[in-house]
Amino acid sequence: MATPPDGRRLDPPSSFVEQANVTDESIYEEFERNWPDCWERAAELLEWEEEYEEVLDGSDAPFYEWFRDGKLNASYNCVDRHVEAGRKNHAAIRWEGKLGETHTTTYQDLYRRVNELAATLRELGVDRDDVVTIYLPMIPELPIAMLACARIGAPHSVVFAGFSADALATRMKSADSEYLITCDGYYRRGDAFNQKSKVDNALLDLDASVTTVVVNRLGEALDCVLGDRQYDYRKLIRSQAGATVEPVTRDAEDMLFIMYTSGTTGQPKGVTHSTGGYLAYAAWTTQAVLDVKPEDTYWCSADIGWITGHSYIVYGPLALGTTSVMYEGTPDYPDRSRLWEIVERNAVDVFYTAPTAIRAFMKWGQEYPDQHDLSSLRLLGTVGEPINPRAWKWYYDHIGDEECPIVDTWWQTETGGMMVTTLPGVGTMKPGTAGPPLPGISANVVDTDGNEAEPGESGYLTVDKPWPGMLRTLYRNDERYRSEYWEPFSDPASDEWVYFSGDGARIDDDGYITVLGRVDDVLNVSGHRLGTMEIESAIVGVEGVAEAAVVGGQRGDGETAVYAYVSTEHGYEGDEELRERIVAGVEDTIGPIARPEQVVFTPELPKTRSGKIMRRLLEDIANEEELGDTSALRNPEVVGEIEAVDRER
Ligand code: WTA
């Protein structure tokens, strides 16, 4: 079948539909009719120690409780039960290292390693409900550490390994975390990179005494110096060889983990996820949307340091007992065929990646995938940002060979799992449009007053019924949880709560939703969420900077980059030296992912009469768009000056 032009529809190939986990269209209606009991179907994918009493308790909305009084353990569900079911020799994790190493962890291996680490953590003093921070690159010890924490009822907080020392310290402080699992270093494109020195810098910043476990990734001997309360992972594990730890009974609502994400203020938000609802939802969406079966080899190319990796490399796939591929490297090292070589060698069935990666593959050319046999692939997925129809088609034609449906999945750190996408064995695909809300998910596009937007009109993406995978609160900040997510669109007079996603969207006549991107001060750079205020406060911390405003600039290649507009303090020049210090300041405070690609020095920033910086206006200037009304500015004359400097960049 030839790929249709933009805006056309495409049905999933019958070869896919015949074997799909979900094929009956009536599921939408069934979930609606049976809501919220429909979610028992997700809970049934797990093994419960004690049955829950109630599917949904909304008596303290928007603090919802799912599967109330149910008891379970996430590590038991992701590991033990598969071993008990006679699948101990089945591969759980196929690891592909950056230097070309490969390693398979069977469910039995996983059981042993998770238990030994759980016993180690206990020995070090980790108690249930203590938050353990994990700061590891994509090595098997990362999911092992998450599952070991889950086993002993200690919530984990995984901090992306590329984040800076400052970012690590901020997150540890915010979570009062006194335990850290990290490593000596890791490889970036073949070069060894020191992680431990970042850790030591972060620890200097913390008042609390921290117990640190250091995994050796770089070589035979752990040649970094271990300070007070710092231990060699391997030695600790050796002393627990063969130890087993009974999985701790957790309440469905007990916290499984915290995941920090960027919001509209300078402070990252600690999104908390529950044990029962989150795990059930991750497993359900992995089965229904990614069509994963236990015998599959499934690959999500995200980093476990973000929510996508939590839900769709670790918890969802392992709860279903499938084989999850975990890749440590980058798509273009040692060459641009690397991913396709991994797909071919492992005979990957389902592949899930980000649009920014697809656009890079497209730029490199089809000769790279063409060199490999990709016929094992059955389904493709994307996540993280809107996918433009051209990239969608390239993915469909050159990776899927016109035989794999594509699921364009919209969701967020806060939603825990996928929310808006087609079901691959049911729904017609429309390139560039994520799809309808999943069964049981009541997502809508509304106008400023919260009324449903007309088809074709842009509005705000909201969800007016809770779902099991939803965040439960922001760590120790119920107030911010309520005000950021629920207050903007809920009617205080009624007891009906509406969740606001922070995204703009459009809905069409068939109820398909096209996500347009963030409407708040959050940027999406290569699928990574960055708060403009976080970057701005890093820049303002640089000596010589008076004020800064950060916006998303559209590069010629269609990617979004960080552009910074900066005014200097009296006596400082906006020169190359200051520019370099600004870039270094951002890298030190957040990490290289937030590095500003452009720094534009301006005499002043445009402000409203109440003194608020008009980022939108700067965004229009950066992207050479028509400028809107500037009459609300306190200093309209500055616009011309900024445009003049901007043209020189
Ligand atoms: C964006 C990642 C369009 C959106 C799972 C959302 C998307 C933010 C899509 C969440 C998609 C994610 N189409 N936009 N399919 N998926 N987004 O928390 O702006 O890192 O709010 O979670 O990514 O990013 P987060």
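**Close-up views of a predicted model**

View 1. Strand E9 (residues 185-188) and strand E10 (residues 191-194) run antiparallel and are joined by four bridges. Two strands are taken as paired if DSSP finds at least two bridges between them. Strands (E, at least two residues) and helices (H or I, at least four) are DSSP runs, numbered from the N terminus. Arg188 has Asp191 in E10 as its bridge partner. Two residues lie between the strands of this hairpin, and Arg189 in the turn has a positive phi of about 50°.

The structure is a predicted model, in which local features need pLDDT of at least 70 and side-chain atom pairs count only at pLDDT 80 or more, whereas totals for chains, interfaces and linings use all residues. Residues are numbered from 1 along each chain as its sequence is written, and side-chain values use heavy atoms, with hydrogens and water left out.

**View 2. Eight strands form an open sheet.** The strand order is E12-E11-E8-E6-E7-E14-E15-E23, and the pairing is mixed. Strand E12 (230-232) and strand E23 (473-474) stand at the edges; each has a single partner strand, so one side of each is left without a neighbour in the sheet. Strand E6 (residues 132-134) and strand E7 (residues 156-158) run parallel and are joined by three bridges. Ile134 stands opposite Val158 in E7. In general, strands of a sheet pair through backbone hydrogen bonds, either parallel or antiparallel.

**View 3. The ligand is surrounded by 17 residues.** The closest residues are Asp408, Thr409, Thr413, Asp503 and Arg529. By class, the shell holds six nonpolar, six polar and five charged residues; here Ala, Val, Leu, Ile, Met, Phe, Trp, Tyr, Cys and Pro count as nonpolar, Asp, Glu, Lys and Arg as charged, and the others, Gly among them, as polar.

**View 4. Polar atoms of the protein face the ligand at Gln412 and Arg518.** A polar contact is a pair of N or O atoms within 3.5 Å; within protein, one must be able to donate a hydrogen and the other to accept it, and residues adjacent in sequence count only if both atoms are side-chain atoms. A backbone N or O atom of Pro386 lies 3.5 Å from a nitrogen atom of the ligand. A polar side-chain atom of Gln412 is 2.9 Å from an oxygen atom of the ligand. An N or O atom in the side chain of Arg518 lies 2.9 Å from an oxygen atom of the ligand. The ligand taken alone exposes 530 Å², of which the protein buries 97%; accessible areas come from the Shrake-Rupley method with a 1.4 Å probe, and for residues only the protein chains shown count as cover. Helix H11 (307-319), strand E20 (406-409) and strand E25 (513-518) are the elements that give two or more residues to the shell.

**View 5. Two prolines follow cis peptide bonds.** The bond from Trp35 to Pro36 is cis, with omega near 0°. Pro36 lies in the loop between helix H2 (27-33) and helix H3 (40-43). Ala61 and Pro62 are also joined by a cis peptide bond, with omega about 5°. Pro62 lies in the loop between strand E1 (54-57) and strand E2 (65-68).

Terms used: A residue is near a molecule or strand if one of its heavy atoms lies within 4 Å of it.
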